[in-house]
Amino acid sequence: PQRVVALNASNVDLYYAAGGTLVGRPLSDALAPELAEKVKAIPVVGSPPNPNVEQIIALKPDLVIGADTPFHHNLIPILEKAKIPILIQRLDNYQQIVDTLILFGKLTGQTQQAADVVAAIESQLQAAINKHKDKPAPKVLIIWGSSESFNMATPNSFVGDLVRRLGAVNVATGQDAMSGNTN
């Protein structure tokens, strides 16, 4: 694809890491400052939970990349009618991030760049594991939110998966059934 629109910050980050560029991006404060600077001139197509279909179609993309959320699944029939393919990505754990980088490397024609990014991430993860492997496993609880609500990083989340891979004990394990939340 030559004209790609990403609908969420994680896919922007991963697509650029794999050597890609975009013609449309989400309104998001979740990008690293250097990436935000790099993409600031790219047209915004709405926020991740509220993409603007008219703006997306006007950009004439040959691929739209979204997240596995109801907001992005709702776009599938509309974009199919406009003959615009949409790729819905699950980014719920470490392996899905690695797999997505490899896929994006193929889509961008930059397979070596994507492989180099994956190798750097793998190296950093292994270094962190090695640094703490002989120490007792810490118990952690990762919470984020606002005054209206909060979320915990359960084992079914990306952060929860990293906690497990790093050898820590996630005290939110078993909380999925109680809260119904996998963030």
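Trainee: Which helices of this predicted model each supply at least two residues of the lining of the largest pocket?

Mentor: The model is a predicted one. In the lining of the largest pocket, at least two residues come from each of several helices, given here with their residue ranges where stated. These helices are α1 (9–17), α4 (70–73), α6, α7 (111–132) and α8 (158–165).

Trainee: Which element gives the most to the lining of the largest pocket?

Mentor: The space in this largest pocket comes to about 1200 Å³, and 33 residues line the pocket. Among those closest to its centre are N8, S10 and F158. With four residues, the element that gives the most to the lining is α1.

Trainee: By class, how many residues in the lining of the largest pocket are charged?

Mentor: The lining of the largest pocket holds 17 nonpolar residues and 12 polar ones. The charged residues of this lining number four.

Trainee: What is the volume of the second largest pocket?

Mentor: The residues that line the second largest pocket include A128, H132, P136, V163 and A168. By class, this lining divides into seven nonpolar, two polar and two charged residues. The volume of the second largest pocket is about 190 Å³.

Trainee: Which residues of α1 are buried?

Mentor: The cover over the buried residues of α1 includes the strands β1, β4 and β5 (86–89). The helices α2, α6 and α7 are also among the elements that cover them. The buried residues of α1 are A9, N11, V12, L14, Y15 and Y16.

Trainee: Which residues touch the most other members of the largest nonpolar core?

Mentor: The largest nonpolar core has 24 residues, and the elements that give it two or more residues include β1 (4–6), α1 and α2 (33–39).

Trainee: Is L75 buried or exposed?

Mentor: L75 is found in the loop between α4 and α5 (76–81), and a second, separate core of 12 residues includes L75. Leaving aside neighbours within four places in sequence, L75 is in contact with L7, P51, V53, I56 and I86. The relative accessible area of L75 is 5%. Because buried means under 20% relative accessible area, L75 is buried.

Trainee: Where is T108 placed, and which residue has the backbone nitrogen that lies 3.2 Å from a polar atom of its side chain?

Mentor: T108 is in helix α6 (residues 94–108). A polar atom of the T108 side chain lies 3.2 Å from the backbone oxygen of G105. T108 also touches Y15, A18, G19 and G20, not counting residues up to four places away in sequence. The backbone nitrogen that lies 3.2 Å from a polar atom of the T108 side chain belongs to Q110.

Trainee: Is K60 buried or exposed?

Mentor: K60 is found in the loop between α3 (53–58) and β4. Its phi is near 50 degrees, a positive value in a residue other than glycine. The relative accessibility of K60 is 63%. Because exposed means over 50%, K60 counts as exposed.

Trainee: What is the phi of K83?

Mentor: K83 has its place in the loop between α5 and β5. K83 is exposed, with a relative accessible area of 73%. K83 is a residue other than glycine, and its phi has a positive value, near 60 degrees.

Notes:
Residues are numbered from 1 along each chain as its sequence is written. This is a predicted model: local features need pLDDT of at least 70, side-chain atom pairs count only at pLDDT 80 or more; totals for chains, interfaces and linings use all residues. Side-chain values use heavy atoms; hydrogens and water are left out. A polar contact is a pair of N or O atoms within 3.5 Å; within protein, one must be able to donate a hydrogen and the other to accept it, and residues adjacent in sequence count only if both atoms are side-chain atoms. Contact means heavy atoms within 4.5 Å. On a 1 Å grid over the protein atoms alone, a cavity is a set of points where a 1.4 Å probe fits but cannot get out, and a pocket is an open set with protein on both sides within 12 Å along at least five of seven lines; lining residues have an atom within 4 Å of a point. Grid points are joined across faces, edges and corners, and a volume is the space filled by probe spheres set on the points. Ala, Val, Leu, Ile, Met, Phe, Trp, Tyr, Cys and Pro count as nonpolar, Asp, Glu, Lys and Arg as charged, and the others, Gly among them, as polar. A nonpolar core is a set of buried Ala, Val, Leu, Ile, Met, Phe, Trp, Tyr and Cys residues joined through side-chain atoms within 4.5 Å. Buried means under 20% relative accessible area, exposed over 50%, partly exposed in between (1.4 Å probe, protein chains only).
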